[in-house]
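Reader: Could we go through this structure together? Please start with the terms.

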Amino acid sequence: MKRMLLILVASVLSYTASLGQWNSDPATNLVVWPEDESYYNTQMLVAPNGNIWLAAARPLTNLGVTISLQLIDSTGNLLFEEPLTVSEYKARTWVSVGDFLYVDSDGNAIITVTDCRNDPEAGEYGYESYTAYKVSQKGELLWGKEGVSLDGENTYDLVAAMRITQIADGSYIFAWMHNHKENTNMMSIKMQRVSADGEILWNPEETCLHDPAGKIAYMYPYIVDAGKNQVILLWAQGSNQDIYARKIDFDGTSVWSEDTRIYRSGWGSIPIWTLIDVKPSGDGGLIMSWNDDRFLTNIESAYLTYVKPNGEIGFMAGEDGQKLGYSGFRALSVRCNYDPKSDSFYAMWYECNSGQSWNRVVAQRVSKDGELLWGEEGLELKPMELTNYGYFSVQNGIDDEIAFFYMRNYAGSFGDVEAFVTTVNVNDTTARRESEFTKGTRVSEKAGLTTTPMIDGKFWVAKWTDGGRVEDEVKVDRLMMQRINNDFTLGNPNGDNAVEGVKAEANNFVALATLVDGEAMFAVDMPQTGAATLAIYNVNGALVATPFDGELAAGKRYIEWNANVPAGIYVATFTSAQGVQT
């Protein structure tokens, strides 16, 4: 990891961008996207080394939409000088349903774009197809400038709902839906497997879920790594959008003797992808949470179901799924997660009165046999108030804690929105903490809160859009992030395991990354090639280490310090022909 960090920063890091690290001010969070560049949708995932990939769908002049990337390290440095665009082919449209970003076990970003490159008669608006790119943390296009065409030369009137995962042999499984040019209302699901080096391994016509008669629609795929080079595919089928699951082997064939029906209709007119949340169950199966009004009472309830690795339903109460709460209020926006420490499933949602004016936030813990461990009504995280809640996510915490993230609108309408995290001790639900990690004197509209799983057991990263202060005449959407540490401090910690990076008075010597877990990174802009020395001293002035002593070439250069020192404060000095900087 230490070696990789040095290569990464030296290749793509911008000196000017590196100065914008996390901060501890909840009113001044880190802006991670150029304010003068528009974007439509963003996704964020964390790499194994703690770096965070950010992907944004953004407009191209007269060409539709493409995907651009930014990489942010664990201390808040933007590692690309400017967002990296993987493709500029003409696109017909863009969709908000599905994933366009996945991060693999080596920390590479897998990006999917839809465009008209494979339509020979594209004209102004052609038919579209999916192309995948693999991007290293050095900004390299590992599958080439043209990427990998997932469906060969086939194009469709609509392609959407992309899902991606990686299996044990390093290859990737893609699943997406498309319609038929001759019947644009009929949807099918395509699947493709691509090797680690970009070789197409499946014929998507053979792995396609479709009805030759054109009467049954297959929509909204989700895929979960099931281990043993297998995945579980979940999808909606038919006009009632029944939910089914199928385990698929590495060769594209079905493992189970028959598909497992998870849920039978009851969705109403609301798009299903806004209602369900699908996560791994920790044992090669999956869980799905949702809300529905199956009895047409105008009172939605929250549900969770568990599909075992062998295709059996782990628990079921009533018609379909385990009901999570019995308060009698409407239950909406159910999100779930699995925690390996307690070997339990967790869910959160909000409950409201019939008019949705009074709202509260509720959580539930469910055992693998379906027992409701936090009572029939669940655990109340926030009491009923005349306010609105949304953008929920459940993440695992330290020790016996589970973290629940959400946004609250204080104004009752658009205007005063803030973001929270509440942690709950799973064994003693009265012991919990709460942090309002965006609160400040700046009143602004905010939306789109998403979070990463806990990184290195130390912190989460949250992302959201800030729509500008309410009192501003001209509002500019700003894409923001914040680091929330497990002790509820914000920004880079000043504890025993970290020292904040400090900008020197001179502009050409900077500590880019704080000293975390024995690693630090320094940047220097050499006006000319010459001898240079980087020396590290403790607070008593004793020499601790000399990470570099030799000749440095002209230009921006980066020096890594792989430290083996006690926690504390250290002073770095850089000596060159231009003098000594500290």
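Author: Helices (H or I, at least four residues) and strands (E, at least two) are DSSP runs, numbered from the N terminus. This is a predicted model, in which local features need pLDDT of at least 70, side-chain atom pairs count only at pLDDT 80 or more, and totals for chains, interfaces and linings use all residues. Residues are numbered from 1 along each chain as its sequence is written, and side-chain values use heavy atoms, with hydrogens and water left out.

Reader: How many helices and strands does the protein have?

Author: There are 38 strands and one helix.

Reader: Where does Ile455 lie?

Author: Ile455 is in the loop that joins β29 (444–451) to β30 (459–469).

Reader: Is Ile455 buried or exposed?

Author: Ile455 is buried (under 20% relative accessible area, with exposed over 50% and partly exposed in between; 1.4 Å probe, protein chains only), because its relative accessible area is 4%.

Reader: And which residues does Ile455 touch?

Author: Leaving aside residues up to four places away in sequence, Ile455 touches Val46, Gly50, Ile52 and Val461, where contact means heavy atoms within 4.5 Å. Gly50 and Ile455 are 405 residues apart in sequence, yet their C-alpha atoms are 6.1 Å apart in space.

Reader: Changing topic: where is Glu81, and is Glu81 buried or exposed?

Author: Glu81 lies in the loop between β4 (64–72) and β5 (84–85). Glu81 is exposed because its relative accessible area is 65%.

Reader: What about the protein overall?

Author: Of its 582 residues, 56% are buried.
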